[in-house]
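This report describes selected features of a predicted model. It takes up a strand sheet and then a helix.

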Amino acid sequence: MILFVSDLHLSPATPAVTHLFVDFLAGRARAAERLFILGDLFEAWPGDDCLEDGEDLLAATVVGALREVVGSGVEVSLLHGNRDFLLGEGFAARSGVRLLPDPFVLSLPTWQFVLSHGDALCIDDTDYQTFRAMVRQEAWQKAFLARPLAERRAIAMAVREQSEVAKRGKAGYLMDVNLGATEDFLRANGYATLIHGHTHRPAMHEHIVDGIAVERWVLADWSHTRGECLCWDGEQLLRESLVPQPAT
Ligand SMILES: [Mn+2]
């Protein structure tokens with residue numbers, strides 16, 4: 001069994017979501033062989049050196065919970081989101097999570113999937129794509145990571161607020177995938193079933209590409225009242241709701 005989650009947007013401001021995710025890792029996820037996190041695990045990630053900061057309880061809690069589920073025998077892999085694109089080798093080493101390129105083709109004996117965060121397909125939002133092209137450059141990341149941690153945290157927060165404000169003024173289609181770009185993507189990836197997050201518009205879409213029907217599954221984002229995982233049982237994909245358990 002393989003599980004897929006995305007867009008948890010874990011943040012110190014939303015401890016209930018962190019709790020839900022930690023419970024998921026300690027419970028439901030243990031029944032899986034593999035878990036894929038398809039980006040935006042964290043609302044912000046200033047750099048792996050936040051793991052050396054004893055006061056960053058969120059990073060320590062989540063990395064500890066990931067380490068335990070990996071230790072129990074579940075293979076956990078992660079793709080970067082637009083929020084946590086700075087998750088690096090330090091995070092991977094500490095958590096035991098494998099970092100994957102985006103897109104990642106998951107070839108199973110019985111099915112072929114292609115996994116992506118999904119932001120690269122939202123090409124109508126040219127402002128965002130310009131930003132993305134900049135921050136994904138190695139030179140930009142190196143220069144940014146050379147700044148003091150506190151400064152990076154402040155910048156990440158300011159960028160987040162700017163993007164929230166910008167989002168309010170943006171037309172809905174700008175925040176969804178572009179149909180032509182998606183069809184090109186599906187063609188380039190051998191018409192594999194696409195699983196992605198990012199848009200926070202959970203649905204299953206069917207695209208007809210070159211006469212071939214291709215499924216695109218969009219994962220839900222998590223909130224304090226509900227999380228979601230998608231489960232591949234070897235035959236089909238099923239959405240599962242994850243709800244907070246009352247404290248015992
Ligand atoms: Mn995203």
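## Sheet and helix arrangement

In this predicted model, β8 and strand β9 (residues 212-218) pair in the antiparallel sense, and seven bridges join them. Val 209 has Ile 212 of β9 as its bridge partner.

These two strands belong to an open sheet of five strands, whose order is β5-β6-β7-β9-β8 and whose pairing is mixed. Each of β5 (104-107) and β8 (203-209) has a single partner strand and stands at an edge, so one side of each lacks a neighbour in the sheet. On average, neighbouring strands of this sheet are turned by 25° against each other, direction ignored.

Helix α7 (residues 179-188) packs on the sheet, where it touches β6 (112-116), β7 (193-196), β8 and β9. The direction of α7 makes about 75° with that of β8.

A second topic is helix α4, which spans residues 126-135. Its residues are grouped below by burial.

| Group in α4 | Residues |
|---|---|
| Buried | Tyr 128, Gln 129, Arg 132 and Val 135 |
| Exposed, on the face turned away from the buried side | Thr 126, Asp 127 and Thr 130 |

The buried group comprises Tyr 128, Gln 129, Arg 132 and Val 135. Viewed down the axis of α4, these buried residues fall within an arc of 135°, and they therefore line one face of the helix. The face turned away from that buried side carries Thr 126, Asp 127 and Thr 130, which are exposed. The cover over the buried residues of α4 includes α5 (138-145).

Definitions and conventions:
Residues are numbered from 1 along each chain as its sequence is written. This is a predicted model: local features need pLDDT of at least 70, side-chain atom pairs count only at pLDDT 80 or more; totals for chains, interfaces and linings use all residues. Side-chain values use heavy atoms; hydrogens and water are left out. Buried means under 20% relative accessible area, exposed over 50%, partly exposed in between (1.4 Å probe, protein chains only). Helices (H or I, at least four residues) and strands (E, at least two) are DSSP runs, numbered from the N terminus. The arc is that of the directions from the helix axis to the C-beta atoms. Contact means heavy atoms within 4.5 Å. Two strands pair if DSSP finds at least two bridges between them. Axes are lines fitted to C-alpha atoms, for helices over the stretch in contact, and angles run from 0 to 180 degrees between N-to-C directions.
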